[in-house]
Amino acid sequence: MLTPQDELLCHQLPTTFDHVGQSDLRWTERVVLYGFDTTGSVSVMTGMARYPNRNVTDAYAMITIGGEQAHVVRMSREIGGRYDGVGAWQVGPYRYEVIDPLRAVRVTLDDNEHGIRLRLDFEGEFPAYEQEPAFFRSRGRVREDARRYYQNGRISGWMEIDGERIDIDPDTWWFGRDHSWGIRHGGGGGSLPEGEGLQPNEVPDGVLYYMGIFQFEDELVHFAQRETADGQRWHFEGTVLPRSGSDAKPVPILNTEHALTFRDDFRIVSGGDFTVHSADGRRRRFAITPLSDFWPGIAGYDHYRGYASGMWKGPRWSDHFVADLTDTADLKQASMLSETFCRVETEGRVGHGLVEMVFLGRNARYGFEGF
């Protein structure tokens, strides 16, 4: 059927915008925004996703306080014949708007029965930049075929929990966003059941995935790597990006090395450093000091409390809860993908950033024997 997006001169398939080019149930388009107050212990992660082959659009907001409590609202609706405008999408009281393409977006969670509201206005201070293509097959089928872009910038606005307002100071907050689309693997819809009679997925004896996004006054350092249990790299990307308006050019990163320590309860970074080798011949060590952790699985990237992103929950649905992040047994249900906000130091300069990680199974480098 026709949608408002069909007014645009950007069709790439001989069909309308309510369809994608394949019927894979894992096909997802997702936007995510994330950041933290570098002077305190408040962080937020929020976003929405569209599953055209599941007839589902969903959204969430998660505010983490003091590293001990995560206040979460999760929302879902059928797509059906309900299509949003060209530059804005909505799930219940949640609204995502493109204010200036590739420069500024806005997220609003209006009045609702769950007592969490917010308004976030994001403006890019660095250009949006693309992820390296991710295409992998396993046992004859496409395991992953996705693209993504990232952007870091300035955030303003506020959050509210049960009437208590938290104003955002743009000068003390670190903030980023990303937008991905395609066939996903793992959390966030990629691991939902697709029916009976399928061969089980291959399970490696160990995997280490990490990503760093480190922001300084004049540059953004981004890298991501996936390794086998024995340290063989099988997917990599990396760029040093100047601020928007700068005459400097992006510099590719050729390689990263890591020497990390981990928490006792989870394989989540507790310290250490990354060494980055860039194409201009520089070799820099980035020492990280973790400030706070959060877990996307709580908000829907993993199956948690009866829900995962992409699940059919009826024409409209929402829930709300407060997760106790000190309850290790409960958190292990949704701890595969971790996010750690950090203080970052290099060559006498101080910045802030994010370390994202999936670390499972055997690992020769760090001496882990199994899952």
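Trainee: Which residue in β19 does His277 stand opposite?
Mentor: The model is predicted: local features need pLDDT of at least 70, side-chain atom pairs count only at pLDDT 80 or more, and totals for chains, interfaces and linings use all residues. Residues are numbered from 1 along each chain as its sequence is written, and side-chain values use heavy atoms, with hydrogens and water left out. Strands are DSSP runs (E, at least two residues; helices H or I, at least four), numbered from the N terminus, and two strands pair if DSSP finds at least two bridges between them. β18 and β19 pair in the antiparallel sense over six bridges, and the residue in β19 opposite His277 is Arg283.

Trainee: How are the rings of Phe266 and Trp295 classed as a pair?
Mentor: Rings of Phe, Tyr and Trp (its six-membered ring) pair if their centres lie within 6.5 Å; planes under 30 degrees apart are stacked, over 60 edge-to-face, the rest tilted. Phe266 lies in the loop between β17 and β18, and Trp295 in the loop between β19 and α1, 29 residues apart. Their centres are 6.2 Å apart and their planes at 55 degrees, so the pair is tilted.

Trainee: Are Phe214 and Phe223 buried or exposed?
Mentor: These two rings form an edge-to-face pair, at 5.6 Å centre to centre and 80 degrees between the planes. Buried means under 20% relative accessible area, exposed over 50%, and partly exposed in between (1.4 Å probe, protein chains only). By that criterion, both Phe214 and Phe223 are buried.
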